[in-house]
Amino acid sequence: MTRTAEQPTATDWTSLAVLATAQFLVVLSTSIVNVALPRIRDGLALSDTGQAWTVNAYVLVFGALLLPGGRAGDVYGLRRVFLLGIGLFALSSLGAALAPTVIALIACRAVQGIGAALLAPTALALVLTLYPDRERRGTALGVWGAVSGAGGAAGVLLSGLLTSLYGWRAVFVVMVPFALAVLVATRLLVGADRPRGGSLDAPGAMSVTAGLVSLTYGLSGHWPLAVAGVALLGLFVVLQRRATDPLLPARMRVVAVPNVLMALLGAVWLGLFYFLPLYQQRALGYSPLEAGLTQLPLALTITASSWGTGKVSGRLVLPTGLLVLAAGLAWLSRTPAEGTFFADLLGPTLLIGIGLGVAFVRLTAMSSTGVLATDNGLAGGLVNATRQIGGAIGLSFLTLLPSPGAAFLACAALTLLVSALSTRKA
C-alpha cells in the first residue's frame, strides 16, 4: 500500500513515542536534581559552591550548546547526532550515580548537558521531518508539549520519592535504563536521514557557546563575565555576517518573533518551577514528596492541554491561552503563609497548566513554520536555546524579588506582554 501524509503508520507513532521519551528525559534531568540537593550535599559534603555547580554544570552547558548541537544534526545527520547525544546522556547519568567525589559529579553533569544539547534539538528536528504536513505535525507537537510539560513537574515528584526511598544516587540511576532503551529503539525504528553536508561553523559555534555561558553565569552576580558574554555574542553576530556558511543564517529570521516569545515564556516557565516548590516547602511546610504530589494536577493539566492544543487552530488560541496562564499566575501570587492546597494551590495551578500547554505547543509550531527541511536541526536547537537561555536570564532577575508571590506576579505581567505581542504573530 502506498504511504501518504494522511495515513501515518504505526511505526511513525512509535517513533514519536521514542523521541518524546528522550525529550521527557531532558526536561526531567533539569528538575529531578533540585529536590535531592540537600541529600547530595550531605552525601558528598558539598559546599555552597559545589551545590550550585551540581545544577549549573548541566544547565549552562546544555543551554549554550543547543544551537551548535542542532546545526550539527543538519550537517552530519539528525539520527547520528541524536544517537551520540543519548549515548552520552546514558553514560554520564550512570557516572553521576557512581560519582565518588564532588568534582566527578560536576564533570558528569557537564557531560550530561553535552548529551542533552545534542539529543534535544535533533529529536525535535526528527519529529518535524517525520510529520511534514500541518495537521499531523500539530498532533505530534501536542504530544511533544505534553511530555515536555509533564517532565518538569514529574521531576519534583520522582525526586522526592526516589530520594526518600533509595537515596540521592537513585535520581541519576533511574534515567540510565530509559536512555538505553531510547538508544536501542531509535536504531530500530527511526530511519536514517540524509545529512545536508558541508561543515560546522566552528568560529560561530565557539563564540556563541562561550558568550551564552559567560552571560548566563555572569547574571548570577559575576557581572564582568556578563559583560564579556555580551561582547562575545556581539562577536558572534559579526562572524555570522562574514561566514560563507554561518551557524545562524539570515534566512532564519522567519522565526525570529516566535523565538523571542519563547525566550520570554522560558522565564515564566523556569520561574514557576523554581518558586512553586520553594513556596510549598518553606511557607507551607510541605515535605519534598508532598510538594511533588501536589504538583500532579499541574502536570496532568499541562499534558491534557498540550494534547488538545495540537488538534485545534486559530489566531486566538495562543493569546487566549496566555491570558489564562497570566490569570493563574496572578491568583497564585497571593501565596498566603497559612494557605491550603484546595483553597490556594489547586485552582491557580489548573489555570497555569492549561495556559502553559497551549503556549508551549503553539510557540514550538510557530518556531518551525517556514523553515527549510535542511534547517530542521537548527530550528530545533534555536527554539530550545531561546527557552533555556531566556529562562536562565529571567530567573536571575526574578530571584532579586522579595518573595515567591512577587515573582509569580512578575511572571503574570511578563505573560501578558507575550500575549500582547503574540496577537500580531499567532
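**Close-up views of helix packing and local backbone features**

**View 1. Helices H10 and H15 pass each other in a right-handed crossing.** In this predicted model, H10 covers residues 256–283 and H15 residues 376–398, and their axes cross at roughly 50° and come within 6 Å. H10 is therefore oblique to H15. On the H10 side the contact (heavy atoms within 4.5 Å) involves Asn259, Met262, Ala263, Gly266, Ala267, Trp269, Leu270, Gly271, Tyr274 and Phe275. H15 contributes Leu382, Val383, Thr386, Arg387, Gly390, Gly391, Ala392, Gly394, Leu395 and Leu398. Twelve of the residues in the contact of H10 with H15 are nonpolar, seven polar and one charged. Nonpolar means Ala, Val, Leu, Ile, Met, Phe, Trp, Tyr, Cys and Pro, charged means Asp, Glu, Lys and Arg, and the others, Gly among them, count as polar.

**View 2. Helix H8 packs against helix H9 at an angle of about 155°.** H8 spans residues 202–218 and H9 residues 223–242, with axes 7 Å apart. This makes H8 roughly antiparallel to H9 (over 145 degrees; under 35 is roughly parallel, 65 to 115 roughly perpendicular and the rest oblique). The crossing of H8 and H9 is left-handed (near helix turned anticlockwise from the far one by less than a right angle; clockwise is right-handed). Among the residues in contact are Pro203, Ser207, Leu212 and Tyr217 of H8 and Trp223, Val230, Phe236 and Gln240 of H9. The contact of H8 with H9 has 15 nonpolar, seven polar and no charged residues.

**View 3. Helix H2 is kinked by about 50° at Leu66, shortly before Pro68.** The bend is the angle between axes fitted to the seven residues ending at a residue and the seven starting there. H2 (residues 48–76) has 29 residues and reaches 40 Å from first to last C-alpha, close to the 42 Å expected (1.5 Å times one less than the number of residues).

**View 4. H2 and helix H4 (residues 102–130) pack at about 30°, with their axes 6 Å apart.** H2 and H4 are therefore roughly parallel, and their crossing is right-handed. The contact of H2 with H4 has 18 nonpolar, eight polar and one charged residues.

**View 5. Thr335 has a positive phi near 35°.** Thr335 sits in the loop between helix H13 (317–332) and helix H14 (341–366).

**Notes.** Axes are lines fitted to C-alpha atoms, for helices over the stretch in contact, with angles from 0 to 180 degrees between N-to-C directions; helices are DSSP runs (H or I, at least four residues) numbered from the N terminus. Residues are numbered from 1 along each chain as its sequence is written, and side-chain values use heavy atoms, without hydrogens and water. Local features need pLDDT of at least 70 and side-chain atom pairs pLDDT 80 or more, while totals for chains, interfaces and linings use all residues.

Notes
Helix = DSSP H or I, 4+ residues; strand = E, 2+ residues; numbered from the N terminus.
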